[in-house]
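Take a look at the model below.

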Amino acid sequence: MNSERANSERAKSIRGRPRSFDTDIALDSALNVFWKHGFQSASLSELTKATGLSKPSLYAAFGDKRSLYLKALERYAGLLVELHASRLTEEPDGRLAVENFLRSLTKMLTNPSLPGGCFIINGTADFGGTSVPKEIETALSLALQSTETLLKQRLKQAQSDGQLPQNVDPQDFCILLSTLIAGLAIQAKSGATEAKLNLGITATMKAWPS
């Protein structure tokens, strides 16, 4: 507690000074640490090493560890999730739009320059831990729900466009696809290749009702 108070006081003392670092680059570095380790296992020493910032500078720029994680989650959603979501809206054919979305996600999940897997799904592994703030669990749950909502809306549109039979429940089909995404993320985190994951997507898309 004394250490946290000391860090807070030091942070306050430098808030008025001009920053000599790029906050976006620092946030991206912190994002990668959280992506790899999750909230619970990511240490402040790892975060300061990755960002190149001292603890007081880190506190001054982003707040405490909880605030930094939430900012990293927001940046992940803005930079990556929205990119994949565009695959759902740009393609007029519903089946192909969903397939493009899944393959786009898979490319990111297996990108060797990234930590591996999905930041959001990796983060849910900490659910129930005593050191994970409820606010973080809520934010991650909302992020998962947001993806499911996008998928369900696209399936409903496909149904309205006559590309999905009326006897198919978009909610049920969305659950199938969301379960697939979670499985892809877990396998990618374990080292599965993009080619292997794409085989699963190909098999799943064969189940698209006609």
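pLDDT is the predictor's confidence in each residue, on a scale from 0 to 100. This is a predicted model, and that score comes before any reading of the coordinates. The mean pLDDT of the chain is 89. A value of 70 or more is reached by 90% of the residues.

Over residues 10–18, pLDDT stays under 50. For that stretch the model has nine contacts beyond four places in sequence. Where pLDDT is low, the predicted coordinates should not be read in detail.

Now the fold. The chain has ten helices and zero strands. Read along the sequence, the pattern is α-α-α-α-α-α-α-α-α-α. The C-alpha trace spans about 65 × 35 × 30 Å along its principal axes.

Next, burial and surface. The chain has 210 residues, and 43% of them count as buried, with under 20% relative accessible area as the cut-off. The accessible surface comes to about 11,000 Å². Carbon and sulfur atoms account for 53% of that surface.

Last, the charges. There are 24 positive and 21 negative side chains. The centres of the two sets lie 7 Å apart.

Key. Residues numbered from 1 in each chain as written. Predicted model: local features only at pLDDT ≥ 70, side-chain atom pairs only at ≥ 80, totals over all residues. Heavy atoms only, no water. Helix = DSSP H or I, 4+ residues; strand = E, 2+ residues; numbered from the N terminus. Buried < 20%, exposed > 50% of the residue type's maximum accessible area, 1.4 Å probe, protein only. Areas by Shrake-Rupley, 256 points an atom, 1.4 Å probe, with all protein chains shown as cover. Lys, Arg positive; Asp, Glu negative; His and termini not counted. Charge placed at Lys NZ, Arg CZ, Asp CG, Glu CD. Contact = heavy atoms within 4.5 Å.
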